[in-house]
Amino acid sequence: MKNIIILGWQTLRKPSGYYSLGALVIGGFIAGIIFWGGFNTALEVTNTEEFCISCHEMENNVYEEMKTTIHFSNRSGVRATCPDCHVPHAWTDKIARKMQASKEVWGMLFGTIDTREKFLAHRRGLAENEWRRLKANDSLECRNCHNFDYMDFTEQSERASYQHSTALADGEKTCIDCHKGIAHQLPDMKGVEGW
Amino acid sequence: MKKLNLAVITSLLVLAVSPVMYSLSANATDKETVNSVATLRDATPIDVQKEPNRIPQVVNKDIKKARNYPMQPPVIPHTIRSYEVNKNNNKCMSCHSRHRTEKSQAPMVSVTHYMDRDGNFLAEMSPRRYFCNQCHVTQLDAEPLVENTFTDMHSLMNDKSKAKKH
């Protein structure tokens, strides 16, 4: 075993004896494109709603609950899918989130929330994860669609325009501070600020 | 003898006709009461599915409405779409509870909500008052389907005192 590793390392260190430099560079470049393209394609496949709700934990709990909300069905037909709110759009943040999500694969394999009862028991913790994430990135995923600069306060109700032009405008609050449970049902909110 | 026959015939006739007359008059009164409900279907035949009316918008003006009588639960002047009121949380109370009103400037739920049915004060909202929508409802921007003839006490008393003066 040790000999094989040493042999491999020595081969890698030696200059190429048979192939031209051009073939190696071009071949390496093409292989790079294929690998990179394949990686990103696979990444995007995991970034679709079909992929998320291929697990029954997601389909029977959170997806069912979302169907009644305004982010699923509304007058203009624009709708948010799971990754729109739960995965950052910027590449580096997305990779970081995807690495965290490997824990969700673990949960799926070991059935951490594979019944409704187990899911409800974990709901507060799961919700807190998302609240913490959105609080830390100043509700980045909300702001991918809802841009404060283009909000027309005159079109908002009096209460909404008051809150948005004061607490939200001066950065005292971020979207998630008030808009909790807008796409899924809420856990027991005992002790949560503002509830 | 002939007179007796005539009397028998007329009485029989009356007997025979009276159920018909009775059912006719019953139908008439039924129609009056049924009609007030039938306006929802606008006389659509029973075997036809009526084209549903447009769903009206919820009034969202945040302006308090007058109460029609002193004990009326105030109506909600804003939308409450996806406000959860269940054993986990009560969204209404995140503005209308005692300790949230300073921030929200919303009216506080009245003290009666903190009383049990014997009038004893509780630290928390009374369970029988917890589900806001049992009494408080939003209003729709729509014409009433049935005319409302409710008259409140003040108008009644005013009318009475006016009538006395005349």
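**Figure 1. Exposure of A:N47 in the predicted model.** In this predicted model, A:N47 counts as partly exposed because 19 C-beta neighbours lie inside 10 Å. A residue would need 20 or more such neighbours to be called buried, and 12 or fewer to be called exposed. A:N47 sits in a loop of chain A. That loop runs between helix α2, residues 21-45, and helix α3, residues 49-52.

**Figure 2. Surroundings of A:N47 in chain A.** With neighbours within four places in sequence left aside, A:N47 is in contact with A:P83 and A:V87. A:H86 is 39 residues away from A:N47 in sequence. In space, the C-alpha atoms of A:N47 and A:H86 are 9.7 Å apart.

**Figure 3. Where chain B touches chain A.** Eight residues of chain B are in contact with 13 residues of chain A. On the chain B side, six of these residues are polar and two are charged, and none is nonpolar.

**Figure 4. The fold of chain B.** Chain B contains four helices and zero strands. Along the sequence, the pattern of chain B reads α-α-α-α. Of the contacts in chain B with a separation of 6 or more, 45% join residues 24 or more positions apart.

**Figure 5. Burial in chain B.** Chain B has 166 residues, and buried residues make up 4% of them.

Note on methods: Residues are numbered from 1 along each chain as its sequence is written. Chains are lettered from A and ligands numbered from 1 in the order in which they are written. This is a predicted model: local features need pLDDT of at least 70, side-chain atom pairs count only at pLDDT 80 or more; totals for chains, interfaces and linings use all residues. Helices (H or I, at least four residues) and strands (E, at least two) are DSSP runs, numbered from the N terminus. Two residues are in contact if their C-beta atoms, placed from the backbone, lie within 7 Å. Ala, Val, Leu, Ile, Met, Phe, Trp, Tyr, Cys and Pro count as nonpolar, Asp, Glu, Lys and Arg as charged, and the others, Gly among them, as polar.
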